[in-house]
Amino acid sequence: MQRMQPGRKPRIVVVGGGTGLSVMLRGLKELPVEITAIVTVADDGGSSGRIRTDLQMPPPGDIRNVMVALADVEPLLEQVLQYRFQNGNGLAGHNLGNLMIAALKEITGDFNHAIQYLSRVLAVRGRVLPSTGQEVVLCAEMDDGSLVKGESQIPKAGKKIARVFLEPEQVQPLPEALRAIEEADGIILGPGSLYTSILPNLLVKGLPEAIRRSHAKKIYICNVMTQAGETDHFTASDHVAAITRHVGEGFFDVAIVNRQTPPPSIMKRYASEGAMVVEADVKRLESFGCKVIADDLMQIETVIRHDAAKLNRWIVDLVHAT
C-alpha cells in the first residue's frame, strides 16, 4: 500500500450508480477528501431510456443523480434539476436535469464534455465521469440459460441471474477514469444495485484491471436490503461471490456490512415488496480474503438507507490507514 504525503487530501474514487451511492456522496463531499465518481451508463428506463433512444447517446440519469448529490447549490435549484414533467406531449416523464445534459451533449458534441461543463455550473465538489462514453446494453444470462436484454428488464424476469454482460463487449473506459483509479488512495464500490449499478462498471474492459493494479485501499460497501428480482435472499457474501464470479478473486481489501435489524413493522413492509435485510455472514465473507467490518449502519426513516455519516467515517479512517 502507498502512503499519502502529509497534508494532502486523500483521493477517493467511488464506482457505481443509483440512489444508495448518491446518499453516501452527500455526506462524503463535506469531508476533507477529493472525490471522483465513476458512474454506470447502462440505464434504459424512464426519461434516460427515452433520451438514449431518441438522441443515440448514453443515458444521463445516474450521472445526474450523482452530480446533484455532489453539487453545491441551493435546495430550490436541486429541485429544479430533479424535476420531472407531469404534462406535455413528449415532455411528460422527462427529467429536467436529463434534458440539460442531453442539450449540452448536442452543443459540445461529447457526453463527457457535457458532464464536465454542467459540473462547473453546479459547483460540483469533485469529478463525475461515465464509466464509458459509448452506448451499451446490459444483458443477463439467467440460471436456466435464458437471456434478458436491458437494465430495466433484468429485475422483471423473475429468475436467478447467473451473470451479466455488455453489448458490445469491447467498450472502452474513459482515460480520465483510468487515471483517477491509478492516482486513488481509496476505491469504493457500492452501495447500489449489484447487477445493474455496480457490475456494469466492472464489465467495461480495462476498469477492473486498473482497479486490481491500483495500490489504493479497495472497499466494498454491501447493501443493507436485498433487491427484488435481483438479489433475492442474498447474504453479504453472496454479493461478494457474484462480483468474484465476474472479475476474479481477491478484488477487495475490505467489505463493510450492516449488522443492524430494523423494527418488525419496517421488515414486514419491506417483505411485502420482496425485500429483506442482507445477512452479515462474516465468516464466509472472510473466506474471500478480505477484512470484514460489521457495524450498525442503518438509517431508518420512511425508507431504510445507510447511515451515511457513520459509513463515511469508516471510509475516511480506512483510507487514511493506507
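**Figure 1. Salt bridges of the predicted model.** The structure holds eleven salt bridges, a salt bridge being a side-chain nitrogen of Lys or Arg within 4 Å of a carboxyl oxygen of Asp or Glu. The model is predicted, so local features need pLDDT of at least 70 and side-chain atom pairs count only at pLDDT 80 or more, while totals for chains, interfaces and linings use all residues. Residues are numbered from 1 along each chain as its sequence is written, and side-chain values use heavy atoms, with hydrogens and water left out.

**Figure 2. The salt bridge between arginine 8 and aspartate 185**. The closest N and O atoms of this pair are 2.9 Å apart. Arginine 8 lies in the segment before strand S1 (11-16) and aspartate 185 in the loop between helix H7 (175-183) and strand S7 (186-189), so the bridge ties together parts that are 177 residues apart in sequence. Helices (H or I, at least four residues) and strands (E, at least two) are DSSP runs, numbered from the N terminus. Aspartate 185 is buried at 1% relative accessibility, whereas arginine 8 is partly exposed at 22%; buried means under 20% relative accessible area, exposed over 50%, and partly exposed in between (1.4 Å probe, protein chains only).

**Figure 3. The salt bridge between glutamate 34 and arginine 11**. The N to O distance is 3.9 Å. Because glutamate 34 belongs to strand S2 (residues 34-39) and arginine 11 to strand S1, the pair links parts that are 23 residues apart in sequence. Glutamate 34 is partly exposed, at 40% relative accessibility, and arginine 11 is partly exposed, at 29%.

**Figure 4. The salt bridge between aspartate 144 and lysine 159**. The closest N and O atoms are 3.0 Å apart. Aspartate 144 lies in the loop between strand S4 (137-142) and strand S5 (147-149), and lysine 159 in the loop between S5 and strand S6 (161-167), so parts 15 residues apart in sequence are tied together. Aspartate 144 is exposed, with a relative accessible area of 52%; lysine 159 is partly exposed, at 37% relative accessibility.

**Figure 5. Glycine 27 in helix H1 (residues 18-28)**. Glycine 27 counts as partly exposed, at 25% relative accessibility. The C-alpha atoms of glycine 27 and leucine 311 are separated by 9.2 Å, although these residues are 284 residues apart along the chain.
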